[in-house]
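Me: I am new to this structure and would like to learn how to read it. Could we go through it one feature at a time?

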Amino acid sequence: MSEQTVPKPIPEADDDSRPFFEGAMEGRLMLMKCGKCGTVRLPSRQHCDNCLSSEYAWVQSSGRGSIRTFGIMHQRYHPAFVPELPYNLAIVELEEGPRLVTNIVGASNDALEVGMPVVVDFEQHEDVAIPKFRPA
Amino acid sequence: MAHPLRGATAITGLGMTPMGRVFGKSASELAADAVRTAIEDAGLQKSDIDGLLINPGITGITGGGISLPLQNYLGLTNLRLLNHMNAAGSTAAQMVQYASMAIAAGMANHVVCVFADTPLSEGKSSGAAYGGAGRAPGRPRGMSGLYAASGYFGPNTGYALAARRHMALYGTKQEHFGQIAISTRQWATMSPLAQMREPLTMEEYHASRWIIEPLHLLDCCLVSNGAIAVIVSAADRAKSMAQPPVYVWGMGQGHPGDTNRAGSAPETETGAKIAAETVYRMAGVGPEDVTVCQLYDCYTYTVLVTLEDYGFCKKGEGGPFVEDGKLGPGGSLPTNTGGGELSGYYMWGMTPLSEGIIQGRGQGGERQVPKNDVILVTGNGGILNYHASLILSPHAS
C-alpha cells in the first residue's frame, strides 16, 4: 500500500462520545459538567474525577482557550501524516478548564507560542468533525 | 532516630544479559539468563530464592512479555512472594521496595526482581517499537481517537510537549538538553555495557535530526532488548554473601495524577517531588548529601526536571544547573555514570538501578566515582506520571 492511500485515523463516535461528535458536526465544542460539584471535564467519562458523581450535563464550551504547550512533529510515524511533516501538535487549555490535544491551524509552525489565545475551528469529515484551533 | 527499615535490606545479586540489538531469545529466555547470573553473582543456590517479582517492558503490553508463568520456566518452587508488576519505568525501584518490605516483614529471605523485554525485531527500526498507538487499522473509536487524529504518536510526543512547556516557563534552552546528552555520553565512553560509546559534541547534538521539536533524536533514549535481574536480601545475611552489599537506605514513590485541566502542572512538576520527601526522610539525608545520581533518562528533559524535583536546584533552574557539565565525569554531581538510557542501555528502571548497584559495589572500573556513599536511583513512567526512587549506599548505616 502506498503512503498516499492510507487514510488518516479519523475517530468515529461511540455511545459515550456521540454528543461530543454530534455537537462538533454542528460547530459546538461540547464538554461534560458534573451535576454535583460543577467541575467541567473533557468527555467522555461517566464519573466526575473530582467528586466521583455520575450526574452530569453536556455543556457548550466557548471554544476559546490558549496554547498550553506545543511540539513540531518530524518523525514519520503514520503514512497518512507524512505529506504534512513537519506538523504541529498542541495542548489547548479551554477557558472552562479542560485541556485537549489538537493541532493549530491558520498559523505557521514558527508563529506558535505558549500562551497564545486560540479559538476552536472544526475540521469537517464525512460523519464527524474534529476540533482544531486557530489564533483568536 | 533512624527509620527502622533504613539499611534493613541490601541488594546482593545482579545479573545482566547482553543488551541492545540482541536477537534470537524470547523475553523468558533472557529473563532466565539474567536470573541465573544474578543467583551466581550473589553466591546463592536457586533453592535459596523464595520471592520473585516480575516486570515486563513494553512487551507486557504488545505481547510476548514475561508474566507469572516465568516462575515455572525458572523452576522456582515453594515461593513465599510472587507478583507481576507494572508501573512502567518506576517498576524496577518499586520491586526493590516491595521486596524490602516483604523481607523486613519476615515474608521472604531472598527476592529476585527481574525485568526482560524484546521490543526490537530484526530489520525493524527502534521507532517501530514505541510509536504504535494510533496505527491500528480501522477508525479509532471515541474521544481517545483525537490523539491519533492530531498526529500524536508515542511517548516522544508527550515528552516534547512537556519539555516545551518548561522552556516557555523558565527559559530553558535547547543547549541545556544538549548538555545532558553530552555529559551522559561522556560516561558512556567509559562503560563497556553502553551501546553508544563515541564522544558527542554540541554541534553533533544540534545536527541530530528532529523527532518532535524540541526533541532531537539525541534527546531520546535507546530501545534495547535484554534482561536484568537483581536480588534483595536481609542486611544481616548480605554481610556474608559473595558481593559487597549495597544497602537500601531509602524508598519513596510519587504519582501526582493528572486532572487534565487548569490547576495542574504535570509537565513541569512531577511525582519526583512527592517521592523525594519520602525517600530523603527514610534515608535521613537531603540533596546536599547525595554523591551520585542514577536518574531515569528516557529523555534529556526527564533528567532536568527530576534534578529540580529532588531539590538539587530550584524549580525552573535545571537548565543553568546542568550547563557547566557538573553531571559528567569529574563534575560535582556525577549522574548516569553508565551512560543512562540515552547512551547506555534501555532496560526501563533497571538501567539506573543496575548502575547504582555497580557504583555502590565500587565495580565501575574506569567510570567508578570516588564518592559512592549516597546513591540516588530514580524510576519514571508514563509521561512523567509514575515515579519511584531508592537511596542506596555501600554503608550499612
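This is a predicted model: local features need pLDDT of at least 70, side-chain atom pairs count only at pLDDT 80 or more; totals for chains, interfaces and linings use all residues.

Me: Is B:Asp219 buried or exposed, and why?

Reply: A residue counts as buried if 20 or more other C-beta atoms lie within 10 Å of its own. B:Asp219 has 28 other C-beta atoms within 10 Å, and therefore it is buried.

Me: Where in the chain is B:Asp219 found, and which residues is it in contact with?

Reply: B:Asp219 belongs to the loop between strand S6 (215-216) and S7 of chain B. Apart from neighbours within four places in sequence, B:Asp219 is in contact with B:Phe177, B:Ala181, B:Tyr299, B:Thr300 and B:Tyr301.

Me: Which strands pair with S7(B), and in which sense?

Reply: One looks at the bridges and at the direction in which the strands run. S1(B) and S7(B) are antiparallel and pair over 7 bridges; within this pair, B:Gly15 has B:Ala229 as its bridge partner. S4(B) and S7(B) also run antiparallel, joined by 8 bridges, and there B:His110 is partnered by B:Ser233.

Me: What is the order of the strands in the sheet?

Reply: In chain B, 9 strands form an open sheet with mixed pairing, in the order S3-S2-S4-S7-S1-S8-S11-S10-S9. Its edge strands are S3 (81-84) and S9 (292-294) of chain B, each of which pairs on one side only. From one strand to the next, the twist averages 25 degrees.

Me: Which strands of this sheet pair in the parallel sense?

Reply: One such pair is strand S2 (residues 51-56) and strand S4 (residues 110-117) of chain B, which are parallel and share 6 bridges. In this pair, B:Pro56 stands opposite B:Ala116. As a general idea, the side chains of a regular strand alternate between the two faces of the sheet.

Me: Which helices lie on these strands?

Reply: Two may be described, each by the strands in question and by an angle. Helix H11 (residues 271-283) of chain B lies across S8 (246-254), S10 (375-381) and S11 (386-393) of chain B, and runs at about 145 degrees to S8(B). Helix H15 (residues 350-361) of chain B packs on the sheet and touches several strands, among them S1 (9-16), S4 and S7 (226-234) of chain B. The direction of H15 makes about 170 degrees with that of S10(B).

Me: Which residues have the most contacts inside the largest nonpolar core?

Reply: That core has 153 residues, and those with the most contacts inside it are B:Ala31, B:Ala34, B:Val96, B:Cys113, B:Val114 and B:Val230. Helix H1 (residues 27-42) of chain B gives the most to this core, with 9 residues. To take one residue, B:Cys113 touches, beyond four places in sequence, B:Leu53, B:Met95, B:Val96, B:Ala99, B:Ala229, B:Val230 and B:Val232.

Me: How many helices and strands are there in chain A?

Reply: Chain A has 1 helix and 8 strands. Of its 136 residues, 38% are buried.

Me: Which residues of helix H1 of chain A are buried, and what do they pack against?

Reply: For a helix, one asks where the buried residues lie around the axis. In H1 (residues 18-25) of chain A, they are A:Phe20, A:Phe21, A:Gly23 and A:Ala24. These cover an arc of only 160 degrees around the axis, which means that they are on the same side of H1(A). They pack against S1 (30-34), S7 (117-124) and S8 (129-135) of chain A.

Me: How many residues of the two chains are in contact?

Reply: An interface is described by counting residues on each side. Here 38 residues of chain A are in contact with 36 residues of chain B. On the side of chain A, the largest share, 6 residues, comes from S4(A). That side divides into 19 nonpolar, 10 polar and 9 charged residues. Moreover, S4(A) and strand S5 (residues 210-213) of chain B run antiparallel and are joined by 2 bridges, with A:Met73 opposite B:Ile212.

Notes
Residues are numbered from 1 along each chain as its sequence is written. Chains are lettered from A and ligands numbered from 1 in the order in which they are written. Two strands pair if DSSP finds at least two bridges between them. Helices (H or I, at least four residues) and strands (E, at least two) are DSSP runs, numbered from the N terminus. Axes are lines fitted to C-alpha atoms, for helices over the stretch in contact, and angles run from 0 to 180 degrees between N-to-C directions. Two residues are in contact if their C-beta atoms, placed from the backbone, lie within 7 Å. Ala, Val, Leu, Ile, Met, Phe, Trp, Tyr, Cys and Pro count as nonpolar, Asp, Glu, Lys and Arg as charged, and the others, Gly among them, as polar. A nonpolar core is a set of buried Ala, Val, Leu, Ile, Met, Phe, Trp, Tyr and Cys residues joined through C-beta atoms within 7 Å. A residue is buried if 20 or more other C-beta atoms lie within 10 Å of its own, exposed if 12 or fewer, and partly exposed in between; C-beta atoms are placed from the backbone. The arc is that of the directions from the helix axis to the C-beta atoms.
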